[in-house]
Amino acid sequence: MTKEKEVMGQAIKNMTIKTGKYLTFSLEEEEYGIGILKVKEIIGMMPITSVPRTPEFVKGVINLRGKVIPVMDLRLKFSMGEIPYTDRTCIIVVEIDSLDSTVLIGIVVDAVSEVLNISKDEIEEAPTFGSKLDTDYILGMAKMEGGVKILLDIDRVLSAKEIEALDKTA
Amino acid sequence: MGCFPVSANIIIFEYVEKDSMMTIESIKKLIDKLSCDFVLADPEDPDSLTGLLPILKQIHGKCMELSLKDKAKTVLKIKKMINAVLINGSKDVDKQMENLGEIISELSSIPDVLETSDHPEPAESKAIEREPHDSDLSRVKESLDELSVLIGGFCPGDIPDLGAMLNCLDQLIDVSNKEEFSILNKIAIACKGYVENMTLENIYNTKPIEEGLLLLKSILSYMEKDEIFGFDYSDVLELLDMKIKEEQTPKKPEAKEEEVTPTPPAGPSEPKEISPDDMEILIDFVSEAEENLDTIEVNLIDLEQDPTNNDIINDIFRPFHTIKGVSGFLSLTKINKLSHTTENLLDAARSGDFLINDIATDAILESVDTLKNLIDMVKDGTQTGILQPDDHIDVEGLRDKLQKLQVALTKGEKMPLGEILVQKGDISKENLDQALDIQKEQPDKKIGEILVEKNQAAPKQIAGALMDQAHSKKKIAAQVKVSTEKLDDLVDYAGELVIAQSMLKQKTVDDPSLSQNVAQLGQIVTNMQNIAMSMRMIPIKSTFMKMIRLVRDLSKKSGKEINLNMVGEDTEIDRNVVDALYEPMVHMIRNSCDHGIEAISDRTGQGKSSQGTITLRAYHKGGHIIIEIEDDGKGLDQMVILEKAKNTGLIDGTEQLTDAQVYDLIMQPGFSTAKEITDVSGRGVGMDVVKSGIEKFRGQLNIESQMGQGTKFTISLPLTLAIIDGMLVGVDDERYVIPTTAIQKAFKPPKEDCFTVEGKGEMVKDRGGLIPVIRLNDMYNSSSKKKTIWDKLVVVVESKEEKRALLIDELLGKDEYVIKSLGNSLEDIKGIAGGAILADGQVGLILDIHGVFAVANG
């Protein structure tokens, strides 16, 4: 059963890996990319209201033109050390497919780099670090001239379920 | 196609009467003209080709007159080919034109044939080769398509068009002249009969034939899916037949459809999966039907007051008709059948066969309820994707009832209203006033009845007045449906505009002229925000209307006479609050009817009018909507309440309680568990539930009562759930909004009033009581700075009879805040009710006091 699931998951992933435009951004020393269609907008750093009793990577909420949306720090999510925000720090507002609707979530990244056209041939499957490590949230690795970029499946990175689950343990 | 330019020859040939020789002549001429025009026609020029169509149509009509079906078919074929050329444009035009030319020359032979044999063999029509089922279907479809185009473009008096229609129908009849098409055939024949009538008697009403066409199409779609068409189509047949039979026989309402209705497949049906195509239609159908049924209820109540008003009957009739039509398409057999039967009943009432009386109203309401159940099933189906069988809901019994009722009513009081309306004379103002006076004395009498009885009225005038009335009602009802999402967006943006404007304002202090402009902008923005907010409001009328129904049912059941008055039903209220109101109101009205209002004998014994009155009142007061439910029943008995409260241990009997406190007792949980008290005191059934239900929406419930005089419940709810009245407080760097309703007081405690109680934590003394302190910053670990209580402020808040003192740094002001969700992922955080956009554009968190207590308690 679990194997079937795995196969299915892989198949779906293969389908989602597509030639297309990716927005790349930097975190620590690495470059990451997310599908451009997922990105709603990029905004500069703005005051974030912290929300109590939430996991650490949930920075809080911001007012996006009258809508209150949650903001996550991707550094904290990926267990990297927190650094003070600079004027290069950005919030990328992404659209996440939730159970019944799409929700907007802001993610804090060190800096936004560029929009790249990446073809399918340039994308390699995510490496498996043994079965214990969950690399589900990685769509694949893009081998580019500038180095390897990690393409994220942002839906999986920020799945609402996971946040909920974390909320309960917190 | 549609209406073609009527060329001169049409007029000529209208005078050519049924003389077949003349007809043949005219066909000859027409065919000559056709050939000429065709030769001249240029395939590149669509106009020259369209010019051929009217001629073809005429030939077609003439052929029909002579019953030359095969020739007519050839004509049709040409027509189709020309159409194909017109539509496809340049593709293979030359070849098509060549073909056309051949067929047209073939057509020229018609007159010769005609001259030799004037009598076409009837066998000819039956000599259609038995083609495979599928091709038959496609032919049927073709004919239907053509027919619908013809009907769509039909102009009154356009005889050739009618001829074409007849031809189409003939084709249909030919094709469907087989076992498996028997229904189709029957309807097609009926349609043909109607169209013939149209030709002969100059009837221009195409409605029946449109209905017929719709029916034919739906049957076809069933056949394509290889399903059995199990619906009732007799009304369409009746409609088509009507014009013919009208003169010979009076309309028989009991002409029922049973004999033609195929019996539905026996045995329980399987759950059916909904195809994605149907899904959307089903969802639409459900929401529309629900809305329709609600309007039916309201209109029925209106109709009771004024049973002669045809407009209201029409308003009730229409939704049933719509539901019937759509459900037929969607294979929802039961809904279709039931709505159809109900529609029949209403139709008879509409045509003046009888008046809708109480029994009929009850039956229709029952039908509405059953339909609601059925539609709920469909709704569930749309959510799960699988349509569950609705076998457990029986509609046949109800249908039988409705049908019998219709027959009984028609026989019983056959009072053709239309006739009365025409025969009556004029009415003077005095007469009307008199009638009104009579109505005051006998409030259950309808004004129409009185006027009719007294022979004083010009019902026409009344009808006119009623119509005006209905029109003025309609004006209010004319509304646009907008998705709530868009409205919310509008509210969001309006709020943002206010913030942006206030930021701008701060920067323009130095420039007087600019700041004047900004002030003006501010005014506009504020207005806009108000309007945006008000768009979420709906009148409370719909909720009140449901209560009418409830009171009606309850008074019937209990045998009491209860009258429901409504005041201020146009008061507007947030749509979400309406939902919050419904349950408590039902509960309280049920209480009033069951226990508040006495039985008739008791009332007359006390010198009260035999009719009990419940008054519903709605009005705005200070940002709240107030709903009053007042009855003139026996009121609450304080002694009994106190006694009961003592027995259940709610009070120890020594307290001095105010009236309000006594009445509050009945809303205590645990008070109403025992049944007997409700019979004695008349109140208390689940009042605690009502109270908590209202409090959940930040509302309040008050009771006033006078022994023997009645009881008044007052519900006070915030106008909107989207806005909260809150106090902004600062705690370290964070700002929180505390709902004003929860706040009791704020003060700076002196040092001597602060204690630390062993095992219970910190407390402050207030008016002799000790209140536990909650340190918000501790709880929400925003900082670990430990400050002494007496250096800071405490806000005493209350939730569910519990008090706590929240330790804060400063009070930042009181304002109204729009509550915003923090998004799916952060929705359920304990102690946080949501976010609010503060004046500087940042987000502040709104505290949920009850949640905060829960967190503090661990």
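Visitor: In which sense do strand 11 and strand 20 of chain B pair?
Guide: Parallel, over two bridges. This is a predicted model, by the way. Strand 11 covers residues 734-739 of chain B.

Visitor: Which residue is the bridge partner of B:Val737 in strand 20 of chain B?
Guide: B:Ile846.

Visitor: And strand 19 with strand 20 of chain B, in which sense do they pair?
Guide: Antiparallel, over five bridges. Strand 19 spans residues 832-837 of chain B. B:Ile837 stands opposite B:Val843 of strand 20.

Visitor: What do strand 19 and strand 20 of chain B form?
Guide: A hairpin, with five residues between the two strands. In the turn, B:Gly841 has a positive phi of about 90°.

Visitor: Is strand 20 of chain B mostly covered or mostly open?
Guide: Mostly covered. Strand 20 runs over residues 843-847, and five of its five residues are buried.

Visitor: Which residues point which way from strand 20 of chain B?
Guide: B:Val843, B:Leu845 and B:Leu847 go one way. B:Gly844 and B:Ile846 go the other way. All of them are buried.

Visitor: On to the interface. How many residues of chain B are in contact with chain A?
Guide: 21 residues of chain B, touching 21 residues of chain A.

Visitor: What about the area buried between chain B and chain A?
Guide: About 2100 Å². Carbon and sulfur atoms give 61% of that area.

Visitor: Why quote an area for an interface?
Guide: The accessible area lost when the parts come together is often used to give the size of an interface.

Visitor: How many salt bridges between chain B and chain A?
Guide: Two. One of them joins A:Lys67 and B:Asp489. There the closest N and O atoms are 2.6 Å apart.

Visitor: And how many residue pairs in polar contact between the chains?
Guide: Eight, counting pairs with both residues at pLDDT 80 or more.

Visitor: Which elements give two or more residues to the side of chain B that touches chain A?
Guide: Helix 23 (484-507), strand 19 and strand 20 of chain B. Helix 23 has the largest share, with four residues.

Visitor: How does that side of chain B split by class?
Guide: Ten nonpolar residues, five polar and six charged.

Visitor: What share of the contacts links residues 24 or more positions apart?
Guide: I'll take contacts with a separation of 6 or more. In chain A, residues 24 or more positions apart account for 54% of those contacts. In chain B, they account for 69%.

Visitor: One last residue. Where is B:Thr370 found?
Guide: In helix 17 of chain B, residues 358-384.

Visitor: Why does B:Thr370 count as buried?
Guide: Because the relative accessible area of B:Thr370 is 11%, and the cut-off for buried is under 20%.

Visitor: Which residues is B:Thr370 in contact with, leaving aside neighbours within four places in sequence?
Guide: B:Leu338, B:Ile393, B:Asp394, B:Val395 and B:Leu398.

Key
Residues are numbered from 1 along each chain as its sequence is written. Chains are lettered from A and ligands numbered from 1 in the order in which they are written. This is a predicted model: local features need pLDDT of at least 70, side-chain atom pairs count only at pLDDT 80 or more; totals for chains, interfaces and linings use all residues. Side-chain values use heavy atoms; hydrogens and water are left out. Buried means under 20% relative accessible area, exposed over 50%, partly exposed in between (1.4 Å probe, protein chains only). Two strands pair if DSSP finds at least two bridges between them. Contact means heavy atoms within 4.5 Å. Buried area is the accessible area (1.4 Å probe) that two parts lose on being put together, summed over both. A salt bridge is a side-chain nitrogen of Lys or Arg within 4 Å of a carboxyl oxygen of Asp or Glu. A polar contact is a pair of N or O atoms within 3.5 Å; within protein, one must be able to donate a hydrogen and the other to accept it, and residues adjacent in sequence count only if both atoms are side-chain atoms. Ala, Val, Leu, Ile, Met, Phe, Trp, Tyr, Cys and Pro count as nonpolar, Asp, Glu, Lys and Arg as charged, and the others, Gly among them, as polar.
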